[in-house]
Amino acid sequence: MVDDPLTEHFLRKLSEDAGFVAPNKMILSTIGTRYIALRNACRRMPKDFHWGEELVSALPYEFHYGNAP
Amino acid sequence: MSDLIFMPLETAANLMRKRELSPVEYVEALIRHTEAIDGNLHAYFKFCPDTALRDARAAEGKLLAGGGSSRVLGVPYGLKDVIDYAGMPTTAGSAVFENSIAAAHAQVTQKLVASGAVMMGKMATHELAIGGPSDDLPWPVPVNPWADNHFAGGSSSGSAVAVAAGMLPIAIGTDTGGSVRSPAANCGVVGIKPTYGLINVEGVMPLSPSFDTVGVLSRHVRDNAVALETIAQPALLKRADGGSYQASVEKGIKGLKIGLVRHFYAEDEKAHPEQIVAIDRAAEQFSALGAEVREIRLPPKEDYSACVALIVFPEAFALYRNELTRRPEEFGVLARSSLFGGATVTAVDYLDAQRWRARLSKTTMSAMNGLDALLTSTNFDPAYSLDDSGAVARAIARQTRHVFSVTGQPAISLPAGFTSSGLPLSLQIAGRHFDESTVYRIASAYEEASNWNYRRPPLAEALR
């Protein structure tokens with residue numbers, strides 16, 4: 001995957017933006033594999049979210065992390 | 001003495017209260033058993049017999065002075081090594097955190113210490129509760145006591161192995177996407193992921209704050225209820241039926257309405273044939289016990305898993321970005337490859353996934369209208385061989401644990417029989433938010449009717 005210059009350029013940019021300094025081939029290859037897996041996960045998401053829908057979980061706010069009594 | 005090893009928590013606690021069993025004698029028996037078998041099973045990262053004997057002597061003193069109201073006074077427990085115990089390392093199974101000493105107890109530890117329970121040690125975990133089983137870490141991989149060289153499940157692997165093999169009556173784990181329920185299912189024990197928020201997670205190394213929960217593993221449902229009551233936040237425990245989970249287990253299940261979500265494991269993807277039969281038989285058993293069981297449909301299980309992935313990985317990457325980007329080679333391959341994925345999810349996709357979570361939760365709760373609980377699978381397959389190179393991927397994909405991580409509902413995994421080759425099978429029961437009482441009520445009725453939990457793992461017996 002990282003043998004293709006365009007793909008390598010994209011993965012290197014993605015990795016550097018994520019905080020990796022001079023990412024090596026192992027990092028680029030792992031990021032590339034996970035990128036594909038998580039884009040596949042994204043494809044299952046509905047595409048019709050409405051601006052009024054909740055942006056956080058459906059659970060009551062009082063039980064969110066750090067807010068529990 | 002050998003009876004002490006697999007003795008239910010409730011029995012041991014009652015004997016200690018009646019001064020018929022000394023906590024020191026009980027703990028010494030478990031220490032000897034652990035020393036005899038854990039060299040082969042690797043449940044503990046850090047076994048602490050000195051701390052245990054200190055706690056046992058303190059419990060004995062309290063019992064001689066009249067005891068008090070604690071139901072776990074003198075009862076041994078283990079902590080998954082993502083939970084802080086002051087003065088001990090919390091490694092999270094990672095070389096990166098090998099020398100990270102906890103300055104204070106986690107909230108859950110405080111409750112156990114205050115209740116007079118006996119700390120036996122820190123239990124093995126997948127790295128950062130996500131990457132495992134890994135053979136490239138400083139600790140050996142825990143072994144399933146039901147079959148040599150088989151996967152114990154994870155990430156609370158050591159907790160499940162120790163409970164299954166009689167080293168502990170209860171252990172505390174954590175469950176973000178199934179990390180209590182998976183090893184419980186593989187090792188033939190009871191494991192609950194309580195309602196999100198029921199247990200305070202302060203002092204627990206996070207993985208994904210949107211999903212992280214602390215859970216309990218035990219051999220018996222009643223013991224699980226006692227332990228969960230001990231660590232639950234009192235203000236939320238008040239929501240339980242009668243303020244107590246234990247009271248509800250006596251009630252039986254006559255008249256309860258249970259939704260069977262069969263398409264998850266029989267249509268969306270087919271579980272192991274013996275696993276399908278085990279859950280179908282359990283559904284018949286629930287009917288025979290007086291519950292009304294009817295089949296319902298929820299969104300495909302893959303939707304829940306995709307939603308979990310799009311939230312867990314970016315949250316985990318954000319938490320550990322400093323270590324991951326500066327010292328990636330110090331992580332095991334499995335944790336590193338999972339966590340790197342979080343760098344590839346955009347903020348927009350992450351927020352959409354949170355909206356998706358809300359939708360999936362609402363859909364699930366709507367389908368539960370008129371129902372008290374849901375019955376479905378936990379894992380699709382019995383434990384895999386550790387030599388099976390495709391096992392890690394299948395263990396992550398072939399399951400229905402993510403469903404109740406998304407919704408935040410309480411969910412318990414129970415033993416549901418054994419394969420023809422002697423490996424544990426499992427089922428999962430989920431209830432409404434903060435209705436752990438009904439979950440325990442149904443689980444207890446099934447346990448009493450089936451008695452699967454009295455069978456002992458061959459490796460635990462053979463190694464003694």
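**A tour of chains A and B**

Begin by selecting strand S1 (residues 44-47) and strand S3 (residues 118-123) of chain B, which pair in the antiparallel sense over 3 bridges. Strands count as paired if DSSP finds at least two bridges between them; strands (E, at least two residues) and helices (H or I, at least four) are DSSP runs, numbered from the N terminus. This is a predicted model, in which local features need pLDDT of at least 70 and side-chain atom pairs count only at pLDDT 80 or more, while totals for chains, interfaces and linings use all residues. Residues are numbered from 1 along each chain as its sequence is written, chains are lettered from A and ligands numbered from 1 in the order in which they are written, and side-chain values use heavy atoms, with hydrogens and water left out.

**The strands around S3(B)**

Display Tyr44(B) and its bridge partner in S3(B), Met123(B). S3(B) is mostly covered, with 6 of its 6 residues buried. Buried means under 20% relative accessible area, exposed over 50%, and partly exposed in between (1.4 Å probe, protein chains only).

**Helix H3 of chain B**

Select residues 23-41 of chain B, the 19 residues of helix H3. The helix reaches 25 Å from its first C-alpha to its last, close to the 27 Å expected at 1.5 Å a residue; the expected span is 1.5 Å times one less than the number of residues. At the start of H3(B), a side-chain oxygen of Ser22(B) comes to within 3.0 Å of the backbone nitrogen of Val24(B). Centre the view on Glu35(B) to find a kink of about 40°; the bend is the angle between axes fitted to the seven residues ending at a residue and the seven starting there. Among the buried residues of H3(B) are Tyr26(B), Leu30(B), His33(B), Ile37(B) and Leu41(B). Just after the helix, His42(B) takes a positive phi of about 60°.

**Aromatic pairs and charges over rings**

The structure holds 11 aromatic pairs over all chains. Rings of Phe, Tyr and Trp (its six-membered ring) pair if their centres lie within 6.5 Å; planes under 30 degrees apart count as stacked, over 60 as edge-to-face and the rest as tilted. Select Phe10(A) and Tyr35(A), an edge-to-face pair at 5.2 Å centre to centre with 70° between the planes. This pair links helix H1 (residues 5-18) to helix H2 (residues 25-43) of chain A, across 25 residues. Phe10(A) is partly exposed at 37% relative accessibility, as is Tyr35(A) at 25%.

Move to Phe20(A) and Phe340(B), whose ring centres are 4.8 Å apart and whose planes meet at 70°, so the pair is edge-to-face. The pair crosses between chains, from the loop between H1 and H2 of chain A to helix H14 (residues 333-340) of chain B.

Next, select Arg34(A), whose charged end sits over the ring of Phe313(B), 4.7 Å from its centre. A charge sits over a ring if NZ of Lys or CZ of Arg is within 6 Å of the ring centre and within 35 degrees of the ring normal. Arg455(B) lies over the face of Phe418(B), at 4.0 Å from the ring centre.

**The final stop**

Select Ser421(B), in the loop between strand S10 (411-418) and strand S11 (424-431) of chain B. Ser421(B) is exposed, with a relative accessible area of 61%.

How values were computed
Polar contact = N/O pair within 3.5 Å; in protein donor to acceptor, adjacent residues only side chain to side chain.
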